[in-house]
Structures are given as structure tokens and as C-alpha cells.
Protein chains: 2
Amino acid sequence: MLRLSQRGQAMPPSPFRKLTPYAEAAKKAGKRVYHLNIGQPDLETAPELLAAVRGVDFNALTYSYAAGTDSYRRQLVGYYERAGIPAAFEDILVTTAGSEAILFALLTCLNPGDELIVPEPFYGAYTAFAIAAGVTIVTVTAHVETGYALPPLADFERVVTPRTRAVLLCNPSNPTGYVYQPAELTALLDFCKRHDLYFLSDEAYREFCYDGAEATSALSLPGSEEHVIVLDTISKRYNVCGARIGALVTRNPAVWRAAFHFAQMRISPPGLGMLLGEAAAALPPTYFDTTRAEYHARRDFTVRRLQALPGVVCRVPGGAFYVMPQLPIDDAETFCQWLLEDFSHEGATLMLSPARGFYKTLGLGRQQVRLAYVLNLTDLDAALTCLEHALQVYPGRQPALVAANDSLIAAATA
Amino acid sequence: MLRLSQRGQAMPPSPFRKLTPYAEAAKKAGKRVYHLNIGQPDLETAPELLAAVRGVDFNALTYSYAAGTDSYRRQLVGYYERAGIPAAFEDILVTTAGSEAILFALLTCLNPGDELIVPEPFYGAYTAFAIAAGVTIVTVTAHVETGYALPPLADFERVVTPRTRAVLLCNPSNPTGYVYQPAELTALLDFCKRHDLYFLSDEAYREFCYDGAEATSALSLPGSEEHVIVLDTISKRYNVCGARIGALVTRNPAVWRAAFHFAQMRISPPGLGMLLGEAAAALPPTYFDTTRAEYHARRDFTVRRLQALPGVVCRVPGGAFYVMPQLPIDDAETFCQWLLEDFSHEGATLMLSPARGFYKTLGLGRQQVRLAYVLNLTDLDAALTCLEHALQVYPGRQPALVAANDSLIAAATA
């Protein structure tokens with residue numbers, strides 16, 4: 001009998017799509033569904049990017065060099081320089097979105113059975129990439145009470161084994177919105193140096209920091225050259241999620257070369273996407289001002305509304321466009337399905353991501369959801385009003401298991 | 001000390017790029033270099049495809065469904081139907097070029113350490129994908145004397161082990177140009193059924209068959225549903241190598257679902273490439289007439305010139321745009337480097353792919369090269385004239401190790 005491979009069987013369906021059939025049924029039944037469940041913003045792609053594609057003037061779309069076109073890589077040097085990240089032409093490998101950068105980094109740095117330390121909650125697709133690469137994810141747990149700050153270094157020390165090869169961090173964090181502080185990153189880099197580990201830094205949301213904060217790239221830390229591999233993508237930065245263009249950036253030439261050999265395997269990254277990328281890298285840093293202001297307003301609005309709900313625990317996240325509150329409910333998966341199947345307010349409901357898909361440790365995140373503030377303020381208002389009403393009538397309502405929100409707000413403003 | 005993974009160390013540089021520095025040096029020295037070494041045709045992309053991209057009328061390039069857009073998959077059903085391949089909407093998974101289809105098929109069907117039987121010579125990148133997936137390639141050898149026809153089934157039976165999980169065939173073949181006959185494919189399918197193996201069929205060159213021949217898709221064989229996985233790409237078909245759009249097609253729902261879960265990991269295939277794909281799938285089958293006629297003329301010209309060279313062994317390949325002659329030389333790698341470094345004829349030379357990169361068995365293909373007839377007839381003429389002169393003066397000239405060409409031509413026309 002024909003059998004699938006073990007990894008083929010182990011590869012889970014996307015935890016973010018499990019509820020899709022319920023959302024579709026709700027829509028068929030005439031409900032309006034506000035999608036706060038996925039990181040697909042409602043903003044437009046920067047017009048300069050689409051203009052670049054409309055202006056295509058070549059007669060043949062040929063292979064490029066496996067590391068990307070020279071012209072795009074040169075543009076990226078400028079982009080990284082403006083972002084305060086020291087990356088030369090030869091440090092940059094253009095990839096098919098951030099996804100491929102993650103996969104190439106795992107394949108390059110870890111053997112099957114090797115261990116990768118990731119603070120949980122983490123971007124759910126890391127699980128899938130780890131299965132594809134045969135790598136074991138080992139977690140240290142961040143907590144809602146601290147706004148999902150980096151867990152204490154002692155927690156990392158506790159899970160290191162002879163099989164540990166790397167640490168993976170998403171900064172600013174998807175799914176929590178936490179922006180890691182320079183001191184946290186420096187401490188983590190020291191930890192990596194002490195244990196001979198690679199430091200994989202997923203920086204997809206670099207520009208989206210609020211309250212005047214700035215995201216620190218792991219690659220800009222002194223002494224990071226050998227250890228750090230930045231995993232990057234233009235998807236969120238310019239609202240071109242469908243372009244599938246990213247980059248793997250490292251100042252470790254041996255890592256670059258091995259990753260490049262994986263890149264040669266698939267010959268070249270998407271050619272039209274690189275045209276978008278070139279136009280994007282030519283945009284001035286002020287391009288981000290409008291988008292950042294928009295997300296800033298959405299974050300403030302969302303968090304204010306969430307913190308006003310009885311029993312909801314939510315610290316103010318500093319970046320990305322996600323927030324991961326704790327809700328006074330029995331089980332987030334049940335609740336999110338109930339929202340779609342059994343609830344509506346004025347003909348509408350909302351879709352959220354249950355946090356379970358962001359944790360490896362069973363049982364964690366049971367009361368948490370990820371909310372992506374990717375809709376405009378009017379829709380966000382309507383969606384959060386739905387949530388407010390839903391929490392009043394949800395049959396599985398339960399007190400939150402952690403400290404009340406007030407104390408957190410007090411702590412945050414202290 | 002930081003170390004690369006074993007697979008990172010094992011991943012070879014592309015065997016097709018090893019000579020690139022010599023080609024660059026030759027050009028810098030003022031030589032014209034005819035590139036017959038890579039499958040990048042000099043033809044234009046079908047204008048309808050580029051028009052589709054220039055006409056982009058949306059404001060945001062968003063994620064698509066992981067299996068590709070519904071509209072493109074619907075178009076592909078029509079394309080496959082016209083190609084005589086039974087593939088329903090739900091059998092089609094749009095991939096990031098044929099490369100990703102190969103990777104997903106290996107990850108889905110084989111465990112690390114499992115064995116994949118591939119007739120050699122084979123497309124060199126298969127080696128890289130096998131390393132990435134931790135799969136062992138086991139070869140059966142095809143021979144220049146038979147035009148690289150399928151090796152006898154007895155050879156396949158001899159290498160089957162309990163770890164064998166699949167057979168991989170490229171039809172029409174890159175690098176040999178051989179078009180597998182229906183009887184060969186049926187026998188191979190029977191073999192796969194007997195041993196519970198998947199039949200992975202790379203059909204990138206489907207439309208490029210000459211002398212009125214047609215390529216038989218493995219998926220069109222009766223009883224192939226459970227076993228066959230077609231690996232496909234639009235790269236060569238419409239001269240859009242840079243689009244990075246392909247497909248994995250299977251009528252085995254369990255395989256499709258597992259491959260789909262790998263696809264969900266990277267969220268979606270390239271959006272702009274799918275626009276090209278849609279425009280391509282809407283082209284009538286007559287679109288291929290011009291391209292096919294052009295390659296047919298190039299093949300005839302190339303093979304005639306090669307067969308006229310003393311000591312060169314070359315049967316007439318039925319498809320793709322490659323030919324893999326045996327040359328009267330000591331070593332193809334040395335010869336190809338010599339062509340770039342030490343030879344020129346009227347200020348020009350040519351670049352070929354030494355066959356070693358297409359073999360797993362050490363020592364095979366030592367006198368063979370792959371020649372891609374991707375240049376126009378004028379350039380081909382000049383390139384083959386270079387080759388003719390080069391073979392007269394090459395210091396490592398040696399008699400061919402196999403039967404003289406005359407007997408092959410006689411056999412072929414008998």
C-alpha cells in the first residue's frame with residue numbers, strides 16, 4: 001500500500017484556516033464577518049510598486065541569478081543602510097518571500113533532529129517549516145502579564161541541550177506585537193555566543209513600531225556578524241503579500257554560501273516580484289509615516305476597547321499589527337467557532353485566531369486570541385462592538401486566570 | 001564553534017554554474033561566448049502574458065489561497081484537458097515553479113533516508129532537492145547508444161530495496177531530449193504498482209516533441225490515479241522562466257492534501273506569476289506550433305551538424321530542447337573549461353554543460369556534454385562551427401568509447 005511520508009502525515013493544516021469553513025457558512029447565512037484573524041491588511045499596495053509592473057518593457061521574463069537580480073540587491077543595500085542595518089551586497093540573498101528565507105535558514109543551520117529554541121507564542125507557520133526541515137522546536141514561554149516580553153535568560157539556559165543549534169525570534173513579534181528591547185537582544189546574542197547558536201531574526205514588521213519606538217535589528221548589534229541571520233519580507237512593509245519576495249541577510253559568509261546553494265536549487269526568485277521589490281526599495285523612509293500612523297491609530301483604538309472590556313487582559317503592544325489579549329472564556333477555539341456559528345450582533349460577527357496555534361506547549365493560550373488590526377477604524381469599531389456583545393452572552397464565559405487588567409495598566413504606566 | 005548543518009555542507013554549488021567565472025573571463029577578454037549550457041531560450045515571452053501584467057488593475061497584491069487562485073486553477077483544468085490529461089480542479093496545486101512541485105512531492109512521499117529511483121543522466125537539480133529532503137537518489141543508467149531510452153525494467157528491479165518509495169522521470173527528458181514511449185511508461189507504472197511506489201513525472205517540456213510525436217503524460221495512463229504525481233511548470237512552455245509558476249497535479253487525494261499542507265506553510269504562490277499563468281492557460285493549443293517548429297528546426301540543424309563530426313555519437317532526440325552527444329575527448333569538464341579559457345575561433349567560443357552533473361554514478365558521462373539548442377539558427381551555426389574547430393585542435397582529443405555514429409544512424413533509420 002502506498003503511504004505518505006511521516007512528515008507528510010505530520011504536516012498540520014494551517015491552524016489559521018481551520019475556522020474558514022465556519023466563516024464561509026456564516027457568510028452564506030448572510031452574516032457580515034470581520035476578519036481580524038489573518039495578517040492581510042486592507043491597505044493599498046504602494047502605487048509606485050504597481051506602476052513598476054505596469055511599465056514592464058522587456059520582451060522575455062528570464063531566469064535571474066539565484067541570489068536575485070544585481071539591481072535589486074544593490075537597491076536593498078540602500079534600504080538596509082537607511083534602516084540602520086549593516087548589510088553589503090554580498091550579504092543579501094533574495095528569497096521567495098520570508099517563507100523561503102525561514103526554510104533556507106533552517107536547512108542551512110540545523111540537521112534533522114536538531115533543536116531550535118523559540119519563545120512561545122510564536123508565528124504558527126514556524127511549526128510547519130520545522131516539520132519540513134525535520135527540526136525540533138523547543139519553547140520558552142512568554143506571558144500576557146509582561147506583554148510577552150522576552151522570557152528570562154534562565155529559561156533559555158534551562159532548555160539548551162547538545163542538540164540546540166539556533167534561536168528564532170520574530171521582532172516586532174507576530175503574534176504578540178511585542179518589540180524586543182536592545183538589552184533583551186544583546187542578552188540573547190550573548191546567550192547564542194556562549195552556546196554556539198545561530199540567532200535567526202524574523203524582522204518582517206521592522207517599520208511598524210509605535211510611540212516613537214524603533215525596532216532594533218539583531219544584525220545591528222555589535223559582535224553579531226557570525227551568529228545573526230535576518231529573515232525578511234516585503235509582504236507587510238509595502239502591502240504586497242502576494243509578491244512573494246523576501247531576503248535572507250547574513251554577514252557570515254559560510255552561511256550565505258550554503259543558503260545560496262539551496263537558492264541555486266530553485267534557480268531564481270520570482271522575477272516580477274523583484275520588480276516590485278526594486279520600486280519598493282527606492283521609496284524614501286517617509287513612505288512608512290502614513291502606514292505607521294494608520295496602524296498606530298488602529299492599535300490605540302483596539303487596545304483601548306479591549307482594555308475596557310471586563311475580564312480582558314491586554315498590555316499595549318509596541319509594534320507589528322497584532323495584539324494577543326486574554327479573554328474571560330473557557331476555550332478560545334470553542335469561542336471563535338461559536339462567534340461564527342452561533343453569534344451575531346446587528347447581522348455581523350468577527351473572526352479571530354485562537355492562540356493554540358501559536359503555542360507548542362499543550363494547554364497554553366487556551367484563553368487567548370490573536371487579533372490583527374488590519375481593518376480600518378470603522379470596521380474595527382464594528383468588530384470590537386461585536387466582541388463586546390459576544391463576551392456578554394457567550395455561554396462559556398469564565399473569569400480570566402491572570403491578574404486583572406487594571407494592575408497591568410498601572411504597571412505599564414508606572 | 002558555529003557549524004553549518006550536514007545538508008548545508010553537502011548542498012553542492014550548481015554544477016551548471018561552475019564554469020561561469022571562466023565564461024565571464026572569456027567575455028572580459030573580448031571573446032563572444034555562445035551559451036548552449038543552460039535552458040534559457042532566446043525566444044520572447046508570449047506577448048499575451050506580458051500584456052496581462054501590464055494591465056494589472058487591482059490596488060493591492062494580496063495573498064491568494066495556498067493552492068493558487070481559483071480562476072487560475074480553473075483555467076488549468078482546461079489546459080490539461082486540451083493536453084489529454086485528466087485533472088480536475090481539486091487535483092491541481094499551483095506551486096512556485098516546478099522546483100517547489102519537486103520539493104513538495106519529495107517531502108510528501110519520502111521520509112529522510114528513503115530511496116528515489118531516477119534514470120541517469122537526470123536533471124542535475126534533482127540532486128539538490130534530494131539533499132534538501134534528505135532523500136537518497138538511486139540510479140539506473142541510460143545509454144547514449146539507445147538515445148537514452150528507459151533502461152530495462154530488470155535494472156529497476158535490481159535496485160529496489162525496502163526503502164524505495166518512488167521513481168522520478170523527466171519526460172521529455174532534460175538533459176537527453178528522449179521522449180518516453182507509452183509502452184515504456186506503462187511498464188514503469190506496472191513496476192511502481194508492484195512495489196508500491198509513487199511515480200513522479202516531471203513534464204516541463206510536454207509540448208516540445210518533434211516528428212509528429214506526442215509526449216504521453218503519466219497521469220493519462222489507465223490505472224495511474226493513485227501513483228502518479230505530475231510536476232509541472234510554465235517556465236519553458238511560454239518562455240517565462242522568471243515567472244516561477246508551476247503545478248503539482250495528482251489524482252491521489254491523500255497526496256494532494258499533504259502537499260497542500262506544505263503549500264499552506266508558505267501561504268501562497270507568486271501572485272503576479274499566476275496572472276501570467278492565467279493568460280498562458282487561455283492560449284489555444286496552436287500557440288505551440290510556432291515554438292515547436294522553431295525548436296524542431298534547431299534540433300534538426302544541431303543533430304545534423306553533430307553527427308557529421310568525426311567521433312561524435314549522437315542519436316536524434318525526440319523532444320525538449322537538449323541533446324547529449326558523446327564527444328571524442330578525454331574529459332568533458334576539462335574540455336568545457338578549455339573552450340572558455342584557451343580556445344576561440346574567429347573571436348568566439350561556446351559554453352556547454354559537462355555531463356558529470358547529470359550522473360550520480362562516478363565516472364559516467366565523462367565524454368558527454370549537454371547542449372541546449374536555445375539559440376537561433378545563425379548563432380547555433382556559429383557555435384557548432386566553433387565546436388567543430390575545437391574538436392580538431394583540442395589537446396585531449398580521444399576516440400569515442402562507444403560504437404561509431406554511423407551504425408547508430410543506420411540503426412535509427414532502419
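**Conventions used in the views.** Residues are numbered from 1 along each chain as its sequence is written, while chains are lettered from A and ligands numbered from 1 in the order in which they are written. Because this is a predicted model, local features need pLDDT of at least 70, side-chain atom pairs count only at pLDDT 80 or more, and totals for chains, interfaces and linings use all residues; side-chain values use heavy atoms, with hydrogens and water left out.

**View 1**

View 2. Seven strands form an open sheet with mixed pairing, in the order β2-β8-β7-β6-β5-β3-β4 (chain B). Its edge strands are β2 (92-95) and β4 (136-141) of chain B, each pairing on one side only. The twist from one strand to the next averages 25°. Helix α4 (residues 70-82) of chain B packs on the sheet and touches β2, β7 (228-233) and β8 (246-250) of chain B, its direction making about 115° with that of β2(B). Helix α6 (residues 125-133) of chain B also packs on the sheet, touching β3, β4, β5 and β6 (198-202) of chain B, and its direction makes about 150° with that of β4(B). Here helices (H or I, at least four residues) and strands (E, at least two) are DSSP runs, numbered from the N terminus. Two strands pair if DSSP finds at least two bridges between them, and contact means heavy atoms within 4.5 Å. Axes are lines fitted to C-alpha atoms, for helices over the stretch in contact, and angles run from 0 to 180 degrees between N-to-C directions.

**View 3. Strand β3 of chain B, covered on both faces.** Six of the six residues of β3(B) are buried, so this strand is largely enclosed by the rest of the structure. Buried means under 20% relative accessible area, exposed over 50%, and partly exposed in between (1.4 Å probe, protein chains only). One side carries E115(B), I117(B) and P119(B), and the other L116(B), V118(B) and E120(B). Strand β3 (residues 115-120) pairs in the parallel sense with β5 (residues 164-170) of chain B over three bridges, and L116(B) has A166(B) as its bridge partner. Six bridges join β3(B) to β4(B), again running parallel, with I117(B) opposite V138(B).

**View 4. T96(B) and its surroundings.** T96(B) sits in the loop between β2 and α5 (97-109) of chain B, and at 11% relative accessibility it counts as buried. Leaving aside residues up to four places away in sequence, T96(B) touches T96(A), R244(B), G246(B), R266(B), P269(B) and P270(B).

**View 5. Helix α9 of chain A.** At 1.5 Å a residue, the 13 residues of α9 (residues 253-265) of chain A should span 18 Å, which agrees with the 19 Å between its end C-alpha atoms; the expected span is 1.5 Å times one less than the number of residues. Ten of the 13 residues are buried, so α9(A) is largely enclosed by the rest of the structure; among them are W256(A), F260(A) and F262(A). At the start of α9(A), a side-chain oxygen of N252(A) reaches to within 3.0 Å of the backbone nitrogen of A254(A).

**View 6. Backbone details in chain A.** Most residues other than glycine have a negative phi, and most peptide bonds are trans. I267(A), which is not a glycine, has a positive phi of about 70° and lies in the loop between α9 and α10 (271-281) of chain A. A320(A) likewise has a positive phi, about 55°, and at 0% relative accessibility A320(A) counts as buried. The peptide bond from N171(A) to P172(A) is cis, with omega near -5°, and a cis bond also joins N174(A) and P175(A), with omega about 25°.

Note on methods:
Polar contact = N/O pair within 3.5 Å; in protein donor to acceptor, adjacent residues only side chain to side chain.
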